[in-house]
Structures are given as C-alpha cells and as structure tokens.
Amino acid sequence: MPIKKPNFITLALVLLFFTNILHAATIPLLYRPLPALTAKQLAVIVNDADPLSIRITNYYQDKRQIPPENIIHVRFDASSDALSKKEFAVLKHQVDKQTPNQVQAFVLTWLKPFRVDCMSITTAFAAGFDQAFCAKVCEESRKSPYFSSDSQKPFTDYRWRPTMTLAGRSFEDVKRLIDRGVASDFTRPQGSAYLLKTDDQARNTRAVFFPEVAKVFAGQWPVNYLEQNSLKNKTDVMFYFTGLMQVPDIEKNTYLPGAIADHLTSKGGMLTGSDQMNILDWITAGATGSYGAVIEPCNYPVKFSHPGVLLYYYLRGNSLIEAYWKSVSEPGQGIFVGEPLARPFASPPTKQVH
C-alpha cells in the first residue's frame, strides 16, 4: 500500500462531523432509535449459471422470508474476478428491469466476480458504473451521498441501492454467516468494540479517529482504544477495526452474532488470489460483516469504514448493510461482505392487536 500523507482537511472535516453528531449526547443512543431495513426492501440477485449462488439464494430466501418478487435472476460466467464495463451494463439493465419499486438495497449471492473494471461490484450495483469511483492511486474518488445519513430509504432519497454480497469459501461458510445474522436480531448484545492502532504506518491512517471515538462513546458502549498489533482471547467482540496486511490471532477471539470487523489494507477485498489477508478470513473467524479494497485505494481513511459513524447507526437500530454503508465516505473501491439484514440493536416489530 503506497504511503500517502493524509489529506488533513478531509480528516478534519470528518472528525468535526463525527464530533458534532455525537458529542455530549444528552439522550443515550439506544433511546433515539432508527428502524432497520426489512426483507421487503431487499432484493436478492442470483446468478443462475452458478450452482453455489442458487443454493445460497434459496437458503437465504427461506431464512429471511424474502418475497418471491424480490428474487432477481441473471446469468453470466462466474469464473473471472472482474466484469468488464460492457458486461456489467448488460447485467445492470436486466436487474433494473426486474427490481420492484419498494426495493431499497441489494444483496448478491456469489464470490466472483467481486470487481467491475476498476471499482467494486457492490458499489457498481449500488450506484451504477462510474469512472469517478475509480481514482488513480493516491487520489480521492466520488463520494457517497448516503455517508452519515439518517435516510431510511437510500434509493428513494439518493437513487442509490446499497449492496452487500453473501460470500464465503463454501456453502457451509455462507450458511453459518446467514445463521449468525438471523441469530443477532433484536438481541442487544453486551459486547465491546476494539480499535487497534498498529505499528504499520501505511495502514494505520484511520487510527487518528480512534481516541475520539472511545471518548465520545464512554458510558454508552465499551470502546477499547489499544496500541497493539493484535487481539486474542476476547469473548465479547462486537466491533474490531485495525490496519495491517495480515492480522494475527483473529480466530482466537469470540465474535458475537452481528459482529463487524475489518482491516485497512490494499487488497483485503480481493476475495480470491490476494497475497494479503482476505476479508473472508473475518467471516470464517465469526464476523457477520466486513469490508475491504478490491483494487489499490491508497491509504485514505475516507475509503474505509469510520468506526464511530458505524457504531452510531448500528447501535441506534439500523441493519448491518445500512450502518456499514453509512460509515464509508468513498466506497467505490471497496466491497461489502456480510448478512445485510442483521439487526442486533433494532427493536422487534410490535404485534398488531385486532
């Protein structure tokens, strides 16, 4: 990962925003709830040429009770890591024609492809292919209007449909991922957040936010700011954010259902064939969501998740896909992996009395 001096104007603006929305909150977060995305608002895109995609879709539809009209069928060769712009344009046209009006977000059900030309496949489906998402190395890229937004209907408000992929190295991996997401619903887990400032200069740029996150959440949620390279033997991991090429000992922790974990590095979102740690390692270890770069992004913090913004929306009740997407200012080069409807901090629906 190229070492680029952070854009301190950008960092200052993000930090100022974060401080303003959270500073000295007089009402605890959990008493200012937000709703979570529902199954009726999520469309599942299945590749009918990929048996694993079909199997994942069937299982997920059953577990989350996705309406039949929200299952969107496409067919393409899944052998390559990337689609061309032309190939993607055909798929996107097919998807748009089949998408019901109430759908606000997408979930993909495959491992490959994870990229469209120079951008991630999740952002390509969310906003359409746009060269502005494809920054040259060490340049910023197109920003997301959904970043740090209270919007509950991103497509209605911004014409963006946040997208996540249900990916794993096997069906069993994805099945466990889905089961963790479902098990997390409405549980209000008593977990902790771990923000690690490592000794890796190139991958440590977003650690500039970590002390303020810990300070702002004091008394509302346990946030541990640690200056060390790894974490192990923790049994309460709900959030884990760090910056390393390879993160040791992740399998030695217990991740609560609905947990989110990621590491800032150049190739974490290259879901196959990377010489760096793959974000699927977090999923295998027990996380329910992760995020990483599919192509060299440089070490701009705005191209990765802001833990404070993520906690702010997740703890208030947003689903995993909503909170994660709201935490990334420039998502064009990063892929979101996880169970999108996980909602550990949401309030259960009230029963109608007739």
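**Helix packing**

A: Helix α7 (residues 210–217) and helix α9 (residues 307–315) have axes that come within 9 Å and cross at roughly 30°. Helices are DSSP runs of H or I with at least four residues, strands are E runs of at least two, both numbered from the N terminus. Axes are lines fitted to C-alpha atoms, for helices over the stretch in contact, with angles from 0 to 180 degrees between N-to-C directions.
This is a predicted model: local features need pLDDT of at least 70, side-chain atom pairs need 80 or more, while totals for chains, interfaces and linings use all residues. Numbering starts at 1 along each chain as its sequence is written, and side-chain values use heavy atoms, without hydrogens and water.

Q: So how are α7 and α9 oriented to each other?

A: They are therefore roughly parallel, the label for angles under 35 degrees.

Q: Which residues meet there?

A: From α7, Phe 210, Val 213 and Phe 217 meet Pro 307, Gly 308, Leu 311, Tyr 312 and Leu 315 of α9; contact means heavy atoms within 4.5 Å.

Q: Switching topic: what is the strand order in the open sheet?

A: Its three strands run β3-β5-β6, with mixed pairing. Strands pair if DSSP finds at least two bridges between them.

Q: Which strands stand at the edges?

A: β3 (82–83) and β6 (119–120) do; each has a single partner strand, so one side of each lacks a neighbour in the sheet.

Q: And how do β5 and β6 pair?

A: β5 (residues 115–116) pairs with β6 in the antiparallel sense over two bridges. Arg 115 has Ser 120 in β6 as its bridge partner.

Technical notes. Angles under 35 degrees count as roughly parallel, over 145 as roughly antiparallel, 65 to 115 as roughly perpendicular and the rest as oblique.
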